[in-house]
Amino acid sequence: MSGRLTLRRPLDLRSRRRAGRLRFAALGTALVTVLVPSLAACGGDAASSGGDSTLRWTSSYFPTHWDPVVGGSGAQFRELALVYASLTRTDEKGNAVPDLAESWEYNDKGDRITFHLRPDLKFSDGEPLDATAVKAAVERAKEQQDSALFGDLTSIESVEVAAGGLDAVVNLSQVDYQIPQLLGQRVLQIASPKAAKSPKELDRAPVGAGPFIVTQLIPGTKAVLKKNPDYWDAKNIHIDNVELTSAPDASTVVSGLQTGVYNFADIKPSQADAAKKAGLDVFVQPGFNASNISLNVNKAPFDDSRVVDAVRHAINRQEFVDKMTFGYGTVTNQPFPEGYVAYDPGSRDAYPYDPAKSKKLLADAGHGAGDIKLDLVIPSEDPQAEIVQSQLAKVGITVTIKIDKNWATPFFAKDLTFSLYGTTGRDSAAQTLTAHFGPDGPLNLSSPYEPAGFEAAVAKVRQTPLEAPEYPKVLQAATRAGLKSEALVFTYSSPNLIAKSKSISDLPGNPAHIDWTGVTVTGAN
């Protein structure tokens, strides 16, 4: 469900074990300008001078890694999608639709799916994008030592090449009808196998088959791209050049948009009003974002269910919405926003705000006011932490906020007792559920704990075709089973907010994705 276009910047969902080392590696090269060898003659910034339409995007989630296997499926997949294409993509209803694969079908049992690739596809280095390339991409995501995607692909046993190289036959370890949604832009952005022979080089000089080609890359700072004439849907890409930069201090983003330094930026809800007053378009992009309080039930005091329930009833979700989202968010006690197909209406009020009940539960567990003292460990300053601290203080729990820049290591090692997390979700609802509630879920701070009945419920989701009439009810039942978990207390959901110049046309409202199909940049930037 880890980086995103929300209020804080949680680390990538799968970067857990190697986050610290990878971060330092990126910083070590942050001042080195890398020119993609085969395109060095393009002239870098010169590409954006002149009359061509240029997207100037400043992003809070500038990719730390340009190898999509290492970059993972956190918020930076949106930026990587400039370079890389996938088998499928997501439409405005959240459904999987054709991308590199023009169609697909399952066998009768549901444990094998065949993707039919478009003919004559190729990467920007001229290498063919065929079923052999798909096979290599899956195997690399499952086997590369620093892969952040291996946990997403557990249902895939192997990939076979058929039909003269245009059919990728994916053999599954279980019946799983979620695969077309899973293998979209978040989880399987496909890189050139030739370039990927050296993952470190791919990280410095990305080669994909997406709508744009990187011509210049300054790690951690800036990327310059030009339109890919060989992209399969190039006729519907109307942007000639892209200048992607790492967002500066948030306070300067709106002024940068006003002056034309940028024409596109992700913004915080606190900036939306200023952006509107500046005459900018503010685009509210739907998404699967949800924030939570993470508890470790393997450690005291959360090994007592009464203490867990006391925390649940102590949380006033509306305060998070009021103070964090400036009217753009909604309360949620689930890893999905209300209205999404996986949201379970029957669980909406499972643990209502009731501080009196919270105090009674603590008393029943033998705890007086001030007896429980907790360290809330987070990676950086976060207003949510102060809200949690204040709300728990009202029921007699003392919280000390501790900032640990290496937070990812103990969080994903499940060594912390008490923390916060925000997720961008997954296009596959089953994947979102298992990430939070499964015994090996990266966002389950209490691994290997899982709520009773969850495994069977999520298996039934995988076994149910997405178009089946019963699918919504089956999916919501799995959410209900997951919410029995004592390891997570969800608080609020906030959409992705984007401010843009009026010179940029409206974007498709695809949930969580930024789709440049049909988008134009006209007039002054």
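# Exercises on a predicted model

Four strands make up an open sheet with the order E4-E5-E7-E6 and antiparallel pairing.

## Exercise 1: the seven-strand sheet

Work out which strands of the open sheet E8-E9-E10-E1-E11-E20-E12 have a single partner strand, and what follows for their sides.

Solution. 

Step 1. Take the order, E8-E9-E10-E1-E11-E20-E12, and note that the pairing is mixed. In general, strands of a sheet pair through backbone hydrogen bonds, either parallel or antiparallel.

Step 2. Read off the edges. Strand E8 (212-218) and strand E12 (281-285) each have a single partner strand, so one side of each lacks a neighbour in the sheet. The twist here averages 20 degrees from one strand to the next.

Step 3. Inspect the pair at the E8 end. E8 and strand E9 (residues 222-227) run antiparallel and are joined by six bridges. Opposite Leu217 you will find Ala223 in E9.

Step 4. Helix H9 (residues 269-277) touches strand E11 (264-267), E12 and strand E20 (496-500). Its direction makes about 135 degrees with that of E11.

## Exercise 2: H10 against H12

Classify the packing of H10 and H12 from their angle, then sort the residues of their contact.

Solution. 

Step 1. Helix H10 (residues 305-314) packs with helix H12 (residues 355-364) at an angle of about 165 degrees, and the axes are 8 Å apart.

Step 2. Angles over 145 degrees count as roughly antiparallel, so H10 is roughly antiparallel to H12. The crossing of the two is left-handed.

Step 3. List who takes part. H10 brings Arg306, Val307, Asp309, Ala310, Val311, His313 and Ala314, while H12 brings Pro355, Lys357, Ser358, Leu361, Leu362 and Asp364. Sorted by class, the contact has seven nonpolar, two polar and four charged residues.

Step 4. The peptide bond from Ala300 to Pro301 is cis, with omega near 5 degrees.

## Exercise 3: H15, H16 and H17

Describe how H16 packs with H15 and with H17.

Solution. 

Step 1. Begin with helix H15 (residues 429-437), whose axis comes within 10 Å of that of H16 and crosses it at roughly 165 degrees. H15 is therefore roughly antiparallel to H16, and the crossing is left-handed.

Step 2. Name the contact: Ala430, Gln431, Leu433, Thr434 and Phe437 from H15, with Phe454, Val458, Val461 and Arg462 from H16. These comprise six nonpolar, two polar and one charged.

Step 3. Check the loop between H15 and H16, where Pro448 lies. Ser447 and Pro448 are joined by a cis peptide bond, with omega about 10 degrees.

Step 4. Turn to the other partner. Helix H16 (residues 454-462) and helix H17 (residues 471-482) pack at about 160 degrees, with axes 8 Å apart. H16 and H17 are therefore roughly antiparallel to each other, again with a left-handed crossing.

Step 5. Here Phe454, Ala457, Val458, Lys460 and Val461 in H16 meet Tyr471, Val474, Leu475, Ala477, Ala478, Ala481 and Gly482 in H17. The residues of this contact divide into 10 nonpolar, one polar and one charged.

Note on methods: Residues numbered from 1 in each chain as written. Predicted model: local features only at pLDDT ≥ 70, side-chain atom pairs only at ≥ 80, totals over all residues. Heavy atoms only, no water. Axes fitted to C-alpha atoms, helices over the stretch in contact; angles between N-to-C directions. Parallel < 35°, antiparallel > 145°, perpendicular 65-115°, else oblique. Left-handed = near helix turned anticlockwise from the far one by under 90°. Contact = heavy atoms within 4.5 Å. Nonpolar A, V, L, I, M, F, W, Y, C, P; charged D, E, K, R; others polar. Pairing = 2+ DSSP bridges.
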